[in-house]
Amino acid sequence: MLRQVRNMHVKAIKMRWLTGGDNYSYLLSTQDRTKSWLIDPAEVLEVVPNLDAAERRSIQVIVNTHHHYDHSGGNVGMLAALGKDNIKPSVIGGSHTSPAVTVVPEHMQHLKLGDLEITCIRTPCHTQDSVCYHVKDPQTGEQALFSGDTLFTAGCGRFFEGTAQEMDAALNQRLLGGVGEPNWALTKVFPGHEYTKSNVKFVRKAVYPNPNMNQAFDELDKFAAENEVTTGHFSLADETQFNPFMRLDDPLVRQAVGDDGSWSRTQVMDRLRKLKNTM
């Protein structure tokens with residue numbers, strides 16, 4: 001799958017789909033395709049066949065969004081596969097828990113890939129070393145967000161190593177603030193899994209059960225029903241319109257979780273995630 005975001009290129013590579021999985025790896029490349037980041041290449045035997053010789057040569061960095069094996073477990077194997085062609089990328093990750101990591105970025109650290117400007121936004125909760133990568137082409141203004149297991153289309157990750165308060169901060173302060181409101185509509189979201197259909201099913205059942213309660217969600221529902229692949233189709237601005245985990249003050253979200261009018265955002269987030277976990 002190749003999706004061109006004007007002057008940058010994002011190639012989504014399916015992993016584990018033939019065995020019931022739903023992971024994505026991504027090849028992020030500059031306009032001339034001579035420089036690339038390879039993001040979360042967990043399944044080497046599935047990723048390598050989807051990269052041609054020029055794409056492999058372009059890889060300057062292997063990047064992890066967090067340390068879970070289905071995102072970072074391919075680091076060593078990928079280095080070995082590329083090393084056969086004398087390609088020696090560095091490895092960026094949120095901590096040294098990810099194998100072979102050589103660079104651990106600080107929150108809001110700025111990196112470059114050719115002309116592309118990349119901001120590392122640390123979003124601890126799903127794991128404490130979760131990092132989302134916001135990419136901007138300064139020539140066109142086109143932008144992308146590689147959100148790992150922090151932000152999914154109409155959903156968010158489980159709180160494996162964090163709390164509801166941390167997830168609220170990760171999504172609604174660090175991500176939104178780090179990208180900046182003027183950029184939300186320009187920033188396409190590329191999550192770590194294709195979870196959209198299951199997230200839509202949950203939101204339709206628990207939050208917006210009837211049409212016309214949330215027009216943006218109705219449009220997402222229709223798109224998800226008609227498309228197997230949804231990554232890169234929706235912007236961060238779209239998420240603020242239909243993702244309940246980013247709409248904690250929406251009266252319908254609060255009603256869905258049983259808020260009596262006195263709950264904090266943390267309580268709403270906690271209950272919403274617990275509801276999702278049971279569906």
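**Exercise 1.** Which residues does UniProt list for "domain: Metallo-beta-lactamase"?

Solution. The unreviewed UniProt entry lists residues 22-193. Such annotations may be inferred rather than shown by experiment. This is a predicted model: local features need pLDDT of at least 70, side-chain atom pairs pLDDT 80 or more, while totals for chains, interfaces and linings use all residues. Residues are numbered from 1 along each chain, and side-chain values use heavy atoms, without hydrogens and water. Next, take the ends: the end C-alpha atoms of residues 22-193 lie 5 Å apart. The span is 23% helix and 30% strand, from DSSP runs (helices H or I, at least four residues; strands E, at least two).

**Exercise 2.** Describe the largest nonpolar core.

Solution. Start with the term: a core joins buried Ala, Val, Leu, Ile, Met, Phe, Trp, Tyr and Cys residues through side-chain atoms within 4.5 Å. Buried means under 20% relative accessible area (1.4 Å probe, protein chains only). The largest core has 39 residues. L151, M167, L171, L236, M269 and L272 touch the most other members. Now assign elements: α5 (164-179), α6, α7 (215-226), α8 (236-242), α9 (251-257) and α10 each supply at least two residues. The largest share, 7 residues, comes from α5. Another core, of 24 residues, lies apart from it, with Y26, W37, L111 and L116 among its members.

**Exercise 3.** List the contacts of L236.

Solution. Leave out residues up to four places away in sequence. L236 then touches L145, L151, L175, L176, V179, W184, T187, V189 and M246.

Terms used: Buried < 20%, exposed > 50% of the residue type's maximum accessible area, 1.4 Å probe, protein only. Contact = heavy atoms within 4.5 Å.
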